[in-house]
Amino acid sequence: MRPYPIKRTRVRSFELQSHLVGDLLELRPLRPEDWAGLFLVASDPMIWEQHPVWDRYREDVFKEFFREALETGSAFVAIDRRTQKIIGSSRYFGYDGAKSEIEIGWTFLARSHWGGNYNGEMKRLMLDHAFQFVDSVIFVIGSTNFRSQRAVEKIGGERIGRRETNLQGRVV
C-alpha cells in the first residue's frame, strides 16, 4: 500500500477591520458618523500638497474619498487616546490570498501629529495585525509624496519597485 499524505491547510480569512489599540492611538473601523471629525482633519491643504490627489482637502473631493473608504470595508479612523479626537485614517487594500499579500495605504494624519510617533504606531499596529494573515505587506506611495516615503522608510520599509496605479489604487 502506498501512502498518500494529506496536507491540512489552515485557512484564516483576513480580518480587515479589527479594533487595534496602541499606547498613543486607537484604530477602529471607519463609520459614516466619522465624517465631520475626519473631514475636519482632511480639510488642511498641506496634508495633500505632495499627494497625487492634491485637492482632497476640498469637501466634494474628500466626500468621494470617504465614500470609497467606507465601501472598502477595510478603512480605519485613528483616534488620539489622550484627547479622544479623530486625527486621521488608514486602510488595507488589495488583499491577495494567493500571493499572501495586502497593501496598507490611504493614510493621513493631522499636522499636529506629524513628526512624532503616531504614524509609526499606526503602521506597527496595522502591520502586526496583517502579518497574522499574510506573508507580505506593501505600501503604494505617490512618486512625489516624499513625506510618506520618508515615513515608511522610518519604520523600515524599503522601495522594491515601481508600479503605475490610478487614483483608486488599482494597477494600470
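Predicted model: local features only at pLDDT ≥ 70, side-chain atom pairs only at ≥ 80, totals over all residues.
Which residue in β5 is the bridge partner of Ser89?

1. Pairing of β4 with β5. The bridge partner of Ser89 is Phe108 in β5. The two strands, β4 (86-96) and β5 (101-109), pair in the antiparallel sense over 6 bridges. They form a hairpin with 4 residues between them, and Ser100 in that turn has a positive phi of about 55°.

2. Pairing of β4 with β3. Strand β4 also pairs with β3, again in the antiparallel sense, over 5 bridges. Here Ala78 stands opposite Gly88 in β4. This hairpin has 5 residues between its strands, and Gln84 in the turn has a positive phi of about 65°.

3. Burial of β4. Of the 11 residues in β4, 8 are buried, so that the strand is mostly covered.

4. The largest nonpolar core. This core comprises 20 residues, and Leu27, Tyr92 and Met126 have the most contacts inside it. At least two of its residues come from each of β2 (25-29), β3 (75-80), β4, β5 and α4 (118-130). The greatest contribution is that of α4, with 6 residues.

5. Surroundings of Met126. Setting aside neighbours within four places in sequence, Met126 is in contact with Leu20, Leu27, Phe76, Ser90, Arg91, Tyr92 and Ile104.

6. The second core. A separate core of 19 residues is also present; among its members are Leu30, Phe39, Ile47 and Phe62.

Terms used
Residues numbered from 1 in each chain as written. Heavy atoms only, no water. Core = buried A, V, L, I, M, F, W, Y, C linked by side-chain atoms within 4.5 Å. Buried < 20%, exposed > 50% of the residue type's maximum accessible area, 1.4 Å probe, protein only. Contact = heavy atoms within 4.5 Å. Pairing = 2+ DSSP bridges.
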